[in-house]
Amino acid sequence: MKIYRKIMAGLLSLSLSLGLFLTVLLSAGITVHAASATYRSELWILSGEEEALLRGSRVALSEPAYTHPTGALYIPLDAVCQYASASYTTEGDTVSISTGAVLTVGSTTWSGGELFIPPERAGDTVMIPHTALGDILGLRFEYNGDIGLVIIYHSYTTSKTLKVQIETLGELLFDRPTQEKVISDFNSHSGSGVHPRLLADGATFDALRERYVEDSAFGKKLRSFAYSCAATFDSYFKLDALTGEVIWKSEEARLSTRQPYYVYDENGNRLVGQTSYTYYDTERGEQVTVEAGGSGRGDGYDVGGRAYPEKIANKLRELAFAWQILGDDTYADAFYMLATELGKWEHWGEGHFLNTADASVAYAIGLDWIWHAFDSEPEKRDELSAILYDKGLMMGYYSIVCDSLYSGGSEPKLTGKQSTYLNISYTAGTGGWRTINRETNWQTVCGSGMMVAALLLMDYEQYRQRSAFVIEQYLLSNERCISLYAPDGSYIESPSYWEYGTNALMVSIGALNSALGTSYGLDRIVGLDDSFYYTVGIANGRLEMWNYHDAVEGKIDYSSFYLASTVYNDPTLAALRDEMIFEKGMQISLMDILYYDEGLSEGAEPESIPLDFNFKGIDTATFRSSYDADAVFTGLHAGPTHVTHGDFDCGNFTLSMGGVNWITDPGTEDYNVKGFFDATESGRRYKYYAKSTEGHSTVMITSNSSIPLGQKYITNTGDYARIEKFHSDENGGYAITDMTTEYGSTCTSGKRGVLLTNSRSTVVLQDEIEFSSPTSLVWMLNLNNFVRIAEDGRSLTAHTFVDSEKLMIRVTLISPDESLRFRLMDDKYTSKDGKYETVFDSTYTATNNNYPLAKDPVQRVVIEANGVTSFNTAVVFQLLGHEDEIVPYKRVDMSDWSTSDDEWVREANKDIVYPDEVVKPKYNSMHFKKALDRLEAAESMTEIGAILRETCHILSDYDNGNATCAELARQYREYRRAYNLLLRAMNESFDDLLFDR
């Protein structure tokens, strides 16, 4: 499996053979650069590929290269000799090269001395380690062990970044078909009139109909899924009692499928997706509600917002599946009525092309599957196909030929505003329409939607040329996103965006394969195969993702695993998905049903999946005790912050123990808030609490005026904090990142590390920071549960209840600085650029971008260090059976960390004495009642906000397993809701609320 390459990556980083260094170059920049032309004088060989790039041309290899356990790459000697204008002969195990070198297969001894590892045989081919190239042939090389690439050359020019390497590999990996080739492949593999052909064919549905009646686990899930698809009919339609014809359930049901009207706020701004709006009219001194006309629905215009036509298109796919499995033509009648209603939309999301793409892919697949239901009325499917062409494919065509970077092809480039189709104003290369040359999930989602739509429309002669052109161009533009997954499949935009972009990409790969017999190398994107293991490594034992950056909380969508198992011949992915669905109870998806097969998991090696991951693509490490639901799971996140969907969160930390997420990440924000994507240093994005440094479990510098955001704003993607040391073995693991650059000009050394030790049961979060002059900082932790801090401030317990059972962790601060203490952050913490909300987040409604909402906050535990030149702390986390259980750890320098065994832990703790104390709550119900009384008497919003913060701390500090607490908590929530309503009604500015100016 290719996961093996991930495990071995990085093992060979020392000098090998005559002092040649292996250069592993990582660059996560997203700026597009043309691949260096120097590759036309070089030999490029990539592990596992049957071809190589020889002086810029693809040539077949006698055997693919493969990785040795040492990390070295074995490459075919004949290919190297061809490049070096040499030759060789073999006699038994003796290999004689025309340069005079003599080797022996299986021996490190050769005519010139000793090799690092011996030559091997693969079939009839002699394979040599790349480390021997300089010795036996006098060649030079660069080697990237993370992706298994060796670049061989005669004379050195310049090292190539990962970005350049990946772009150049496009010459090797992608077939880049012309329009004519696409049409030829369509005619030879499918041809007009052959349906279904998208993701599934007739045989697929024949097999599913047979399995529908099985009394197997899969048969039961298939029946349940088919029933849920059939239920779509009941949501919108019914049978006429007299005629038996399909009719709308009600007029409101029909109108609910229409594009929404939009109402306006008092400033004349359109409000997307709303049917009413309430604001406080200061002149009238009262609240005013504006309603949309009539039913509140109709043909509106989204003005850059999202109209979500895919919600209706997804219903079409469900109806088509129900028709295929259940064979009831009423689903086809409903499909036609719903599809034509969607066709009445003025557009499918002009300002936000993801909507057009998502709607197009679901619409096309649904129409493909239900195609033969209209054999007696072909004019209906012609009508529906025309809708897909006008609302979908043509929009993709425009996005290509109007893009400012479009360099030509078989279609003319259009410039300026285009309004020849559908009276839609299209501005070249701007706004949400621009879908090519994006290195984000936009590219994969939009490319998938357009290519799948084109594959459906290839039936029609009048659409065929343009459909083939769209496929040709989107395949080319999809190469722009290939560095997203390099080198190891990790995904900088967050797990949420992995699932959105990658599942869409896999749908296009599946559809291309089923309709054309090939995906033209799209499945060979570097790191894409390993990215499915990234989703395993970035989630805890309950499959809940670590929601860093703009990710939401919850489980990852693993619905592409069966397809990936098929594409990459990887049975372990199928075994993982089997476990998720049939043992852990995850919901089965449409993609699961289409690609499930009992035989897929045969030969699986789940034991090969490591417990710990070092994701070099995002400089993030994760560790766990096992893959059980209650296992320990922890991680350290470094990497670039100035990225799409990024947070200012370098050094962020996460922790799960006993089936509970103890440390939480704020996740995403409302994308409609003002300036949300203004990620400049003076912009708004990082001033929103959920995006700020302060919103995360990391360290924020507070006294350095040159870093007002709490950490340094870095635009040079090469300077960000990296995981500089990673170790993993059966006893535990650790990761250390160098944060020096992030902490500003006064920091001379800043290290942060996470250690999983004590037989993988104890987690240590350690900081070792030195400053050249007195500096102030705040160490922050988002505890997601009830917190009690010991009287001396050097330890705390956090507890929660799971199925009425109390679970508790103890958190211990170990530091030579005895003045350092844990405390709950009350009120606000002031930095140079203003005041960040610490108890109330800065979430803003789409209704009014100015007003923050109060919510039940996590407990913000902090350690403040003022005017220090050294900050050295170890914070230890362990799940406890009772409150007085001790944590076996004494601070050890990160440079001395070890996991070879636990003897060093015992030795470090032989002199330490822990107090045998039970941390008592500071508050009781009387404190809570008094706070509620003060809320009742409060006269200002500022006073209410302060009391709410205090009340939340009280609520969290004492046991909540009694009726009195439950009633008080209910009253608190009522006050909080009232506070939110008042804030929405007040006409105060964003800056006044957020920065208290």
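## Helices H13 and H15

In this predicted model, the crossing between helices H13 and H15 is left-handed. H13 covers residues 441-457 and H15 covers residues 495-516, and the two pack at an angle of about 25° with their axes 8 Å apart. Because angles under 35 degrees count as roughly parallel, H13 is described as roughly parallel to H15.

On the H13 side, the residues that meet H15 are Asn441, Thr444, Val445, Ser448, Met451, Val452 and Leu455. Their counterparts in H15 include Tyr497, Tyr500, Gly501, Ala504, Leu505 and Val507, and the list continues with Ser508, Ala511, Leu512, Ala515 and Leu516.

## Helices H15 and H16

H15 also packs with helix H16, which is made up of residues 528-537, and here the axes come within 11 Å and cross at roughly 140°. That angle makes H15 oblique to H16, while the crossing of this pair is left-handed.

From H15, the residues Pro495, Trp498, Thr502, Leu505, Met506 and Ile509 meet Leu528, Ser531, Phe532, Tyr534 and Thr535 of H16.

## Nonpolar cores

The largest nonpolar core contains 193 residues, of which Ile75, Ile152, Leu169, Phe321, Phe335 and Tyr363 touch the most other members. Apart from this core lies another, of 48 residues, which has Ile701, Val787, Leu824 and Ala865 among its members.

For Phe321, once neighbours within four places in sequence are left aside, the contacts are with Phe205, Leu208, Leu222, Phe225, Ala226, Cys229, Trp369, Leu590 and Ile593.

## A buried histidine

His130 is found in the loop that lies between strand S12 (125-129) and helix H3 (133-137). Its relative accessibility is 0%, so His130 counts as buried. Although His130 and Ile75 are 55 residues apart along the chain, their C-alpha atoms are separated by 6.6 Å, and Ile75 is one of the residues that touch the most other members of the largest nonpolar core.

## Cysteines

How many disulfides does the structure hold? The number is 0, where a disulfide would require a pair of cysteine sulfur atoms within 2.5 Å.

Key: Residues are numbered from 1 along each chain as its sequence is written. This is a predicted model: local features need pLDDT of at least 70, side-chain atom pairs count only at pLDDT 80 or more; totals for chains, interfaces and linings use all residues. Side-chain values use heavy atoms; hydrogens and water are left out. A nonpolar core is a set of buried Ala, Val, Leu, Ile, Met, Phe, Trp, Tyr and Cys residues joined through side-chain atoms within 4.5 Å. Buried means under 20% relative accessible area, exposed over 50%, partly exposed in between (1.4 Å probe, protein chains only). Contact means heavy atoms within 4.5 Å. Axes are lines fitted to C-alpha atoms, for helices over the stretch in contact, and angles run from 0 to 180 degrees between N-to-C directions. Helices (H or I, at least four residues) and strands (E, at least two) are DSSP runs, numbered from the N terminus. Angles under 35 degrees count as roughly parallel, over 145 as roughly antiparallel, 65 to 115 as roughly perpendicular and the rest as oblique. A crossing is left-handed if the near helix is turned anticlockwise from the far one by less than a right angle, and right-handed if clockwise.
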